[in-house]
Amino acid sequence: MHLAHHSNSCFLLCIVIFSLFSISHLGIKVFFPLTMESQVNPLLQFLQVSIGYFLFSFAIAFSIFSLLLFFLRHKFWCTCDICHCYLTSSWRKEFTNLVDWYAHLLRNSPSQTIHIHVLGNIITANPRNVEYMLKTKFLNYPKGKPFSMILGDLLGDGIFNVDGDLWTFQRKMASLELGSMSIRSYAFNNVKNEIKFRLLPLLSSIAQEDFRGTNLDLQDVFRRFSFDNICKFSFGLDPGCLELSLPLSHFALSFDLATKLSAERALAASPLIWKIKRLLDIGTERKLKKAIENIDVLAREVIRQKRKLGYSNHQDLLSRFMGIINNEKYLRDIVISFILAGRDTVASVLTSIFWLLTSHPDVELRIREELSRIMQQDQEFLTFEQINQMHYLNAVIHESMRLYPPVQFDSKFASENDALPDGTFVAKNARVTYHVYAMGRMENIWGQDYMDFKPERWLKNGIFFQESPFKYPVFQGGVRVCLGKEMALMEMKCVVASMVQHFDVRAVAAGGDIMFDPGLTATVKGGLPVVVRWRRCLLNFSS
């Protein structure tokens with residue numbers, strides 16, 4: 001998605017155009033007076049008409065001036081090769097996705113940094129620049145108002161949409177809660193139960209003895225799985241999206257629509273477009289407003305029920321935060337942010353893993369060999385302790401995220417003039433993006449085999465080795481490093497281990513390139529149709 005800069009001028013323009021409609025409407029009413037008084041008093045009629053003409057003319061002149069100013073401040077006319085290629089979409093001739101084109105440009109840039117002038121965007125895949133933004137000069141590179149405005153209606157003042165004191169407070173609070181063993185145990189039990197009572201029975205219901213069974217959209221399954229799980233963890237609410245009938249959840253549908261339409265705001269050529277639509281309550285902005293209202297109704301009801309019935313003995317995140325925060329809106333914003341972060345990201349990674357395993361059966365075999373070494377013969381699920389012993393599985397997950405990160409890039413907005421370590425000048429309020437997707441595909445970072453799916457690159461003597469977060473910023477790095485990292489990894493390990501242990505899962509269209517839908521997280525266009533084959537007789541998971 002492409003966040004436009006100069007948001008203040010865009011917002012001013014939005015107000016001016018709306019004023020134009022209002023004032024012109026006033027002018028028309030003055031121009032055509034229908035009252036008896038105006039007919040009786042020609043002088044009053046003349047004054048009304050004159051004022052109407054003046055206001056109408058002023059509104060038109062000021063709007064034209066603002067439009068000229070807006071276009072002058074944006075380099076829509078830039079004719080450099082990169083901007084020309086972007087504006088004409090000629091990159092599509094060689095690349096499946098926009099992110100692949102960006103990766104190509106960054107690999108061929110001496111500094112691993114490029115400028116998209118028409119977007120006002122500096123894009124980098126240089127680890128030194130990433131460390132500078134996320135750690136060294138962290139305070140100079142906040143998320144910024146342009147980003148916050150796009151997600152503001154959905155996330156409000158949640159941790160992923162704020163900077164400064166609000167972010168610091170929530171960060172400390174979340175760090176304390178998420179670091180406790182009790183909540184990690186609660187999260188693990190939720191994941192285990194969702195796998196045992198829903199995921200495995202669903203896969204069992206369509207599995208065959210060969211690969212000629214019914215197709216199943218695995219991406220949709222993972223989205224349902226992660227939504228059930230994150231809602232139970234965050235709200236203490238079970239939407240039941242992964243029941244055998246695959247029911248439609250009103251909350252899930254509203255949440256999907258709200259995230260989709262919020263992401264589409266960033267795809268607009270200018271924020272002016274969606275701001276006008278929101279002001280007039282039309283089109284996608286009207287749908288977004290309704291979807292958010294549905295989310296708010298449920299959130300308020302959950303909070304009120306918890307206050308009524310008591311929450312001190314509950315383990316979910318909302319109940320824990322309610323002991324610290326009384327403001328209902330603030331509680332809603334915090335929890336919705338965690339649902340957004342924990343739902344689509346996990347589903348995205350799991351989808352990529354099974355797409356890769358289809359064309360790498362040797363990797364799948366090594367996961368099973370590791371499982372057989374660590375688990376007892378008749379053991380059904382990994383224990384919490386055993387998860388940490390799965391070094392090869394951990395490497396598989398990290399290698400998949402290197403090639404297909406769930407969040408493909410992240411943008412910051414400079415608070416003051418600055419210069420990146422590679423010498424790139426950054427003007428105040430400029431957008432600077434570190435491109436996670438491209439960084440996983442840089443030869444100078446990963447070597448000549450950067451395009452190979454090779455989990456072994458993460459192992460030293462069979463033990464998982466963590467790369468620098470500034471070389472591999474999938475979980476961000478520095479002060480904003482992801483607090484839910486360990487729980488997300490635990491969830492993904494449990495799912496992959498359980499599925500590989502019991503089933504052979506093959507993507508229907510293996511090989512080639514993945515095509516992504518635009519959005520806040522990487523989503524495979526058209527889903528991931530798979531066929532499932534029994535690997536051995538399953539236990540009765542519903543018993």
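In the predicted model, the buried residues of helix H13 are Glu 285, Leu 288, Ala 291, Ile 292, Ile 295, Asp 296, Ala 299, Val 302, Ile 303 and Lys 306. These buried residues pack against several other helices, namely H7 (145-155), H11 (250-267), H12, H14 (317-322) and H15 (328-358). Gly 310 follows H13 and has a positive phi, near 95°.

Helix H12, one of the packing partners of H13, covers residues 271-280 and includes Leu 279. Leu 279 has a relative accessible area of 45%; because this value falls between the limits of 20% for buried and 50% for exposed residues, Leu 279 is classed as partly exposed. Together with Leu 280 and Ile 282, Leu 279 forms a nonpolar patch on the surface. The accessible area of these three residues together is about 250 Å².

A strand pair was also identified in the model. Strand E1 (residues 113-116) and strand E2 (residues 121-124) run antiparallel and are joined by four bridges. Within this pair, Ile 116 stands opposite Asn 121 of E2. The two strands form a hairpin, with four residues between E1 and E2. The turn of this hairpin contains Gly 120, for which phi is positive, at about 60°.

How values were computed
Residues are numbered from 1 along each chain as its sequence is written. This is a predicted model: local features need pLDDT of at least 70, side-chain atom pairs count only at pLDDT 80 or more; totals for chains, interfaces and linings use all residues. Side-chain values use heavy atoms; hydrogens and water are left out. Patches are made of residues with over 30% relative accessible area and no salt bridge: like charges are joined within 9 Å, nonpolar side chains (Val, Leu, Ile, Met, Phe, Trp, Tyr) within 5 Å. Accessible areas come from the Shrake-Rupley method with a 1.4 Å probe; for residues, only the protein chains shown count as cover. A salt bridge is a side-chain nitrogen of Lys or Arg within 4 Å of a carboxyl oxygen of Asp or Glu. Buried means under 20% relative accessible area, exposed over 50%, partly exposed in between (1.4 Å probe, protein chains only). Two strands pair if DSSP finds at least two bridges between them. Contact means heavy atoms within 4.5 Å.
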